[in-house]
Each structure stands twice: as structure tokens, then as C-alpha cells.
Amino acid sequence: MKRLTEGRRMFISIMLVFAAYAIVFILFEDYDRRFIQSFDEASDWHLLLFSIVVMAGLGWLLHGYAQRMDERIGREQQEKHNQMRRELTQNIAHELKTPVSSILGYTDTILDSPQMDEPTKHKFIERTNAQARRLSALLTDIATLNKMDDAPHLLEHDRVDVSALVMDIAQESEPALRGKQMCLKNCLPTDIRINGDAKLIYGIFRNLTDNAINYAGTGTTIEISAEHKAGRWLFCFRDNGTGVSAEHLPRLFERFYRVDRGRSRQMGGTGLGLAIVKNAVQLHGGTITASQAAGGGLQFDFSLPAC
């Protein structure tokens with residue numbers, strides 16, 4: 001069924017109210033009559049005809065206004081969509097420029113220096129490989145967001161064991177955690193089951209974990225907990241690291257938004273991780289917020305539907 005526009009809803013609502021008022025007024029003529037009487041006077045029919053003419057005229061005026069209102073809203077939405085597209089395209093081009101320039105710089109240096117010693121050449125190849133991996137990660141994240149934006153109906157819905165999934169992520173992240181002397185404290189119950197897309201749910205917890213590893217700071221602790229309430233699992237993902245100032249919190253989920261651009265690129269982030277997290281949570285009918293954790297650090301609270 002086609003969804004009614006704002007203008008159409010306004011038009012229908014006003015016309016229904018007017019029609020109800022006209023019917024009551026015609027049938028009872030004034031406020032003193034207590035019951036319905038048949039039209040036995042010419043004035044009754046004249047009143048009926050007058051009401052129909054007024055209603056038709058009002059309907060014509062309102063219909064034209066509703067059309068203009070819908071056209072204005074449509075133009076505003078299209079302009080907003082185009083602006084977002086332009087900004088996204090500019091951001092993507094900007095983010096792609098850095099790894100591509102690095103790859104070209106390293107490979108050009110190798111090609112232009114046939115006498116380069118093997119240790120230096122190997123170092124340049126390693127740096128090229130790192131930039132290529134960063135580029136690959138960026139393209140993968142862009143593809144993931146496009147999939148969620150353009151084809152949410154293609155997402156799979158299975159019974160996902162979140163408890164086991166988070167344990168796997170903890171094991172996968174162990175080298176990175178150990179390298180920064182960090183600790184991941186898994187306080188999740190052992191029976192969490194979510195009805196949703198396994199890849200996206202994995203992406204939620206993996207991106208939050210990677211974000212904490214990259215930015216919480218050395219020697220910090222990550223803690224993941226959850227409680228079941230009203231058919232949903234309410235998750236809390238927090239760290240006791242450096243956190244971010246309050247002014248940045250509302251924009252953390254924006255695509256390519258970075259609190260510290262230079263530092264973020266050094267950490268290898270794509271700038272899309274938290275945007276993927278928010279979209280994935282919302283596609284599962286949940287909500288997510290970011291706040292300053294008690295005692296310092298960053299905290300994410302989000303919900304997912306229980307099986």
C-alpha cells in the first residue's frame with residue numbers, strides 16, 4: 001500500500017473534520033434540536049447545497065495547498081539527500097586519496113630505484129601492503145553501509161549466539177589487547193540469543209572492540225555486559241580510557257567523523273566503524289547511544305531483540 005504524503009494526510013484530515021461538522025450541522029440545523037428530523041423545508045435543502053459547495057471549494061483550495069506542500073517537502077528532502085551524497089562522495093574521495101597516494105609513492109620509489117638494497121625495498125613493500133589493506137578495509141566498510149542503505153530486506157535473520165560470538169571476538173583480539181596491555185572483561189550471560197543477521201551482529205561487537213582498542217589508551221579495560229528486559233537484550237559496552245569530550249558525542253556515529261583526524265589515520269581506522277554499528281543496530285529494531293562512562297572513558301548502550 002502506497003504511503004500517504006504529509007500533504008495528503010493534512011488534506012484528508014481537514015476534509016473529514018469538515019464533513020463530520022457539516023453532517024451534524026445539516027441534520028440538527030442548530031444546537032437546540034435533540035433528534036434528527038427529515039428535510040421538510042426548502043431552507044434545509046438550500047443549506048445542504050450551500051454546505052456541499054463550500055466543502056467542494058474548500059477541498060479544491062486544500063488540495064492545491066497539499067500538492068504545493070508535498071512538492072516543497074520533496075524538494076527539501078531531495079536537496080538534503082543530494083547534499084549528503086555530495087558530502088559522502090567528497091569524504092570517500094578524501095579517504096581514498098591517502099592510501100592510494102602512499103601506495104603510488106612507495107611503488108614509484110621502488111621502480112625508480114633499481115639499485116635499492118633489499119632491506120629498504122622490503123620495508124617499502126610492507127608499507128605498501130599496509131596501505132593496501134587499509135584501502136581494502138575502507139572499501140569493505142563502504143560496501144557494507146551501501147548494502148544496509150539500499151537493500152535492508154536482503155539481510156538474513158538467524159538465531160545468533162551472541163555469547164559465543166563475543167568470546168570469539170575476544171580471542172581474535174587477544175594479540176592487539178596484549179600489545180596495548182589492555183583487558184577485555186566479558187560479563188555477558190552464557191545464554192544470549194539474538195534473532196538477526198549474524199554478520200552484522202558480529203560487526204557491531206567487532207567494531208566497538210576495535211574502536212576501544214584503537215582509542216581507549218594503553219593499560220585500559222573494556223567491559224561488556226547485558227541484561228534482559230521486555231523481550232530485548234540491553235547491552236552496555238564501555239571502557240575506562242581517555243573517552244571523548246561531550247561536544248563530540250552526538251557526532252560519533254556520523255560517517256567519516258573523527259575526533260582527531262591525524263590520530264585516527266595513524267590507528268588505521270576507516271572512519272566508518274561506528275556508522276556501521278549504528279545502522280546495524282537500527283536495522284535490527286534497536287537503538288544506540290554514546291555517553292561518557294562513569295569514572296572516565298566511553299560507553300555505548302544499545303538494544304537488540306531477543307529470540
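Biologist: What covers the buried residues of α8 in this predicted model?

Modeller: The cover includes α3 (118-150), α6, β6 (288-292) and β7 (298-305). Contact here means heavy atoms within 4.5 Å.

Biologist: And what makes you call α8 largely enclosed?

Modeller: Count the buried residues: 8 of the 11 in α8 (residues 273-283) qualify, so the helix is largely enclosed by the rest of the structure.

Biologist: Which residues of α8 are buried?

Modeller: Buried means under 20% relative accessible area. In α8 that applies to Gly 273, Leu 274, Ala 275, Ile 276, Val 277, Asn 279, Ala 280 and Val 281. Just after the helix comes Gly 285, with a positive phi of about 80°.

Biologist: Now α6. How do you know that its length agrees with what 1.5 Å a residue predicts?

Modeller: The expected span takes 1.5 Å times one less than the number of residues. For the 18 residues of α6 (residues 198-215) that should give 26 Å, and the end C-alpha atoms are 26 Å apart, so the two agree.

Biologist: Which side-chain oxygen reaches a backbone nitrogen at the start of α6?

Modeller: One from Asp 197, which comes to within 3.0 Å of the backbone nitrogen of Lys 199. The cut-off for a polar contact is 3.5 Å, so this pair falls within it. After the helix sits Gly 217, with a positive phi near 115°.

Biologist: Which residues of α6 are buried?

Modeller: Among them are Leu 200, Ile 204, Leu 208 and Tyr 215.

Biologist: How much of the whole chain is buried?

Modeller: Buried residues make up 37% of the 307 residues.

Conventions. Residues numbered from 1 in each chain as written. Predicted model: local features only at pLDDT ≥ 70, side-chain atom pairs only at ≥ 80, totals over all residues. Heavy atoms only, no water. Buried < 20%, exposed > 50% of the residue type's maximum accessible area, 1.4 Å probe, protein only. Helix = DSSP H or I, 4+ residues; strand = E, 2+ residues; numbered from the N terminus. Polar contact = N/O pair within 3.5 Å; in protein donor to acceptor, adjacent residues only side chain to side chain.
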